[in-house]
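Please look at the sequence and the 3D structure that follow, and keep both in view while you read. The paragraphs below lead from one part to the next.

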Amino acid sequence: MNQQPSLEYPPPKIGQRQLRLLARLCQACAVSGDEGEVRAIVLEQIRPLADKVWVDAIGNVLAIREGRGQPRLRVMLAAHMDEVGFMLTSDEGKGFYRFEVVGGVDVSHLPGKAVYIGRDHIPGVIGTKPVHLVKGDELRQRIPLESLRIDVGPSNDKRVKIGDRATFATPFTRLGPSLRAKALDDRLGVAALIELFRHAPANIDLLAAFTVQEEVGLRGAKVAAYALEPHLAIVLDSTPANDLPSWDAPRCFSPSDFRENARYNTRLGAGPAIYVADYATLSDPRLVRLFIETAESHRLPYQIRQPGGGGTDAGAIHKQREGIPSVSVSTPTRYLHTAASLARLEDWSNLIALVHAVLCALSPQVLSVER
Amino acid sequence: MKALINKLVETAGPSGYEAQIRQTIRALIEPWADELSVDNLGNLIARFGNPSPQGRNIMLAAHMDEIGIVATHIDARGFIRFIPVGGLRPQSLPGGRVRFLSGVVGVIGIEQKPPEGGAPKFADLFIDVGASRKEDCPIKVGDFAVMERDFIDLGERLVAKAMDDRIGVAILIETLRRLKEGRMAIPHQVYFVFSAQEEVGLRGATTAAFGINPELGLAIDVTSCGDTPKGPRMAVELGKGPAIKVRDQGMIADARLVSWMVATAERIGVDYQMEVLEHGGTDAHAIQLTRAGVPAGCLSIPCRYIHTPSEMVDLRDVRQAVELLLALLSTTVEL
């Protein structure tokens, strides 16, 4: 009876099975407000593991895996299921649809992109004028959203309707050490959370929140955190890596002036990105410290995401009830919110290893000191 | 009160990293509070008094955080790039100094720009802590700093960084001291909240108000003045008494509380002015929208040059705010 439960829990291993699941998740269509396709995959994966699992009123999947022994922290892990995309708003006949963007999408990326629409993945294309017909300075002009249409063809127009969501039709692909896909933001987080749930250490109660509507204002996380009432929260997300040569650096004024990219946000291959401050959250310093110390003691790479704009579900979570100590950790990802984003597989597996190590290290003492 | 204000403004407390200022405040109020606690976001909460049938559960909030900066990049030559934490304006910074929480002090430099360059942006600014290589720079990405600027005593007028809102903190501390040392009997149970993260979106007050679940809330914060050359069009002046807020961008003050405050000020004969603020908001906004809603208002201290390293207040406004607050807490309020 006196035997203490072992705190050595094997970390998740990332292999073909995890990558196949990530690919399935990335290729699902789950634009904010219509997350059903990803939710079905999450439920299928989580149900056999959970002590309790339910879908709340707004569509979040909430699942609890209880630990053993006392005292235990209730730890919320959140990843958002939704992705940015499009919504059909007007049927103009012959398979042409007007559309709006959902979430943060730069319209200048859209002309000429293949898309698929709705739960049946009806293929379509965001049409644009071919270069043969472009005249004069038309090339230099931005094409406004009002001029763009999704073209599904005249036979498919019975199979889509106004209100349907659409996403980029990008297949998931391995590029050597990298992964290229749409919606890596935040299927990387969703797939990581599934693995962490599968390998939940028993020193904590793991409260998983697969949230909806993050991309339109952290809406799902708000009610999820209220319902789960955790002691602390860790958000798993993706964050831009702008680690490219700084082509647009100002011209040199003197020999001592040099071009250095000072706004990379994060860098691919430099490890999971720990948040200190973004627009929505000032991470709990105790949790930032724990992440850094754990990474160093486990010899796992990490980087501090450059403080700046943007936000994660932590922005909603930390303000719920009497306040919830929160931190975010992201997989650095290039070309976020475009048709094809790119992440490094080792950053993702290191994120999972780091969060797992942090979960194993969590005890009520972490919060016994003041923030 | 000058010594108290001096001590408060010279202690660092950027949003999210309020540990130092919280420790300073706690050491001051420990003898006077009935109960002290620190919540998950780092709000310091002092309870005074007990509930009575005529009394209310009152939350008073003055935020202890101040605007600051956080390091985003250290370049190869040891210069630090940064972004603001809270509503700083870049034009007020070049030539100024910052102090990191570790104590390291640096100066803010600005890139040379072509003559037609226009107003500076944060991306044009950097901090120099005297390092000549990245490896020698004692600052890491994610380190926080506040403005470094001495407190100046101009007689009745006081100038310092972080008057927003250490002047509110000073008023709450002085009010609590007078209640305790004057053995004043009040009908209310009062929660003095020294709130965190106000400057980044009233975050501390949001969770503190949820936890306290008050019947009435008042923020004590600074407000702008219209009495400087080509200043904002605003009928608040320095030295004309504390201002009773009618509205700002985030809140329409509860009319019953406005009347209570006006009637009490008239009764005890302190100066006051009515405040209608076009922009900005205070912790009262967060309190008002807590749970099922809380009647909320705000007692403001007129302040010039807000969110610069040299914020100016008038001590007469401060003293009268304390008197008004003591009188308010001594009377019942009809809701």
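At roughly what angle do the axes of helix 1 of chain B and helix 3 of chain B cross, and within what distance do they come? Before the answer, a word on the source: this is a predicted model, in which local features need pLDDT of at least 70 and side-chain atom pairs count only at pLDDT 80 or more, while totals for chains, interfaces and linings use all residues. Residues are numbered from 1 along each chain as its sequence is written, and chains are lettered from A and ligands numbered from 1 in the order in which they are written.

The axes of helix 1 (residues 2-9) of chain B and helix 3 of chain B cross at roughly 135° and come within 9 Å. Here axes are lines fitted to C-alpha atoms, for helices over the stretch in contact, and angles run from 0 to 180 degrees between N-to-C directions; helices (H or I, at least four residues) and strands (E, at least two) are DSSP runs, numbered from the N terminus. That angle makes helix 1 of chain B oblique to helix 3 of chain B, because angles under 35 degrees count as roughly parallel, over 145 as roughly antiparallel, 65 to 115 as roughly perpendicular and the rest as oblique. From helix 1 of chain B, Leu4(B), Ile5(B), Leu8(B) and Val9(B) meet residues of helix 3 of chain B that include Met163(B), Val169(B) and Ile173(B), where contact means that the C-beta atoms of two residues, placed from the backbone, lie within 7 Å. This contact has nine nonpolar, no polar and two charged residues, if Ala, Val, Leu, Ile, Met, Phe, Trp, Tyr, Cys and Pro count as nonpolar, Asp, Glu, Lys and Arg as charged, and the others, Gly among them, as polar.

Helix 3 (residues 163-181) of chain B also packs with helix 2 (residues 19-29) of chain B, at an angle of about 20° and with the axes 10 Å apart. Helix 2 of chain B and helix 3 of chain B are therefore roughly parallel to each other. Ile25(B), Leu28(B) and Ile29(B) in helix 2 of chain B meet Val169(B), Ile173(B) and Leu176(B) in helix 3 of chain B, and the residues of this contact divide into six nonpolar, no polar and no charged.

How many residues does each chain give to the contact between chain B and chain A? Chain B gives 27 residues and chain A gives 19. On the side of chain B, the elements that give two or more residues are strand 4 (68-74), strand 5 (80-85) and helix 4 (203-212), and the largest share, five residues, comes from helix 4 of chain B.

Turning to chain A, helix 4 (residues 219-228) is mostly covered, since eight of its 10 residues are buried, that is, 20 or more other C-beta atoms lie within 10 Å of their own, whereas 12 or fewer would count as exposed and numbers in between as partly exposed, with C-beta atoms placed from the backbone. What covers these buried residues includes strand 2 (61-65), strand 3 (73-80) and helix 6 (314-317) of chain A. After helix 4 of chain A comes Glu229(A), whose phi is positive, near 45°.

In helix 7 (residues 345-361) of chain A lies Trp348(A), which is buried, with 25 other C-beta atoms within 10 Å. Leaving aside neighbours within four places in sequence, Trp348(A) is in contact with Leu188(A), Ala192(A), Thr331(A) and Ala343(A).
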